[in-house]
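Have a go at each one before reading its solution.

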Amino acid sequence: MKKNIKYEEAVRELENIVAQMENGQLDIDTLSARLARAQELVEVCKSKLLKTDNEIKKLLDKGSNGGSVSGQEGKFS
């Protein structure tokens, strides 16, 4: 599996696998390999989403802890 696959690429590949399964395009020999690949892709997507979520939380925490000057945020003279 590609280590640096982008989230969007992983989702597209997952959608392709699901479509093949739904349309009966996979024979029994190919099915287990494609299912294993789908599981890998789900893990990649989950990992990227969790990483992004944590980064966003850190940024929001940083912004809320140091974003105001002497309580004057959002006030205009």
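**Exercise 1.** Find where Gln20 lies, decide whether Gln20 is buried or exposed, and list what Gln20 touches beyond four places in sequence.

*Solution.* Start with the secondary structure: Gln20 lies in helix 1. Bear in mind that this is a predicted model. Next, take the relative accessible area, which is 19% for Gln20. Buried means under 20%, so Gln20 counts as buried. Finally, look for partners: leaving out residues up to four places away in sequence, Gln20 touches Gln25, Leu26 and Arg34.

**Exercise 2.** Work out which residues form the largest nonpolar core and which helix gives the most to this core.

*Solution.* First collect the members. There are 8 of them: Ile5, Ala10, Leu14, Ile17, Ala38, Leu41, Val44 and Cys45. Then place them on the helices: helix 1 (7-22) and helix 2 (28-66) each supply at least two residues. Helix 2 gives the most, with 4 residues. Now pick one member, Cys45, and set aside its neighbours within four places in sequence; Cys45 is then in contact with Tyr7, Ala10, Val11 and Leu14.

**Exercise 3.** Step back and describe the protein chain as a whole: how many helices and strands are there, and what percentage of the residues count as buried?

*Solution.* Begin with the elements: the chain has 2 helices and 0 strands. Turn to burial: of its 77 residues, 14% count as buried. For the surface, the accessible area is about 6,500 Å², with 53% belonging to carbon and sulfur atoms.

How values were computed: Residues are numbered from 1 along each chain as its sequence is written. This is a predicted model: local features need pLDDT of at least 70, side-chain atom pairs count only at pLDDT 80 or more; totals for chains, interfaces and linings use all residues. Side-chain values use heavy atoms; hydrogens and water are left out. A nonpolar core is a set of buried Ala, Val, Leu, Ile, Met, Phe, Trp, Tyr and Cys residues joined through side-chain atoms within 4.5 Å. Buried means under 20% relative accessible area, exposed over 50%, partly exposed in between (1.4 Å probe, protein chains only). Contact means heavy atoms within 4.5 Å. Accessible areas come from the Shrake-Rupley method with a 1.4 Å probe; for residues, only the protein chains shown count as cover.
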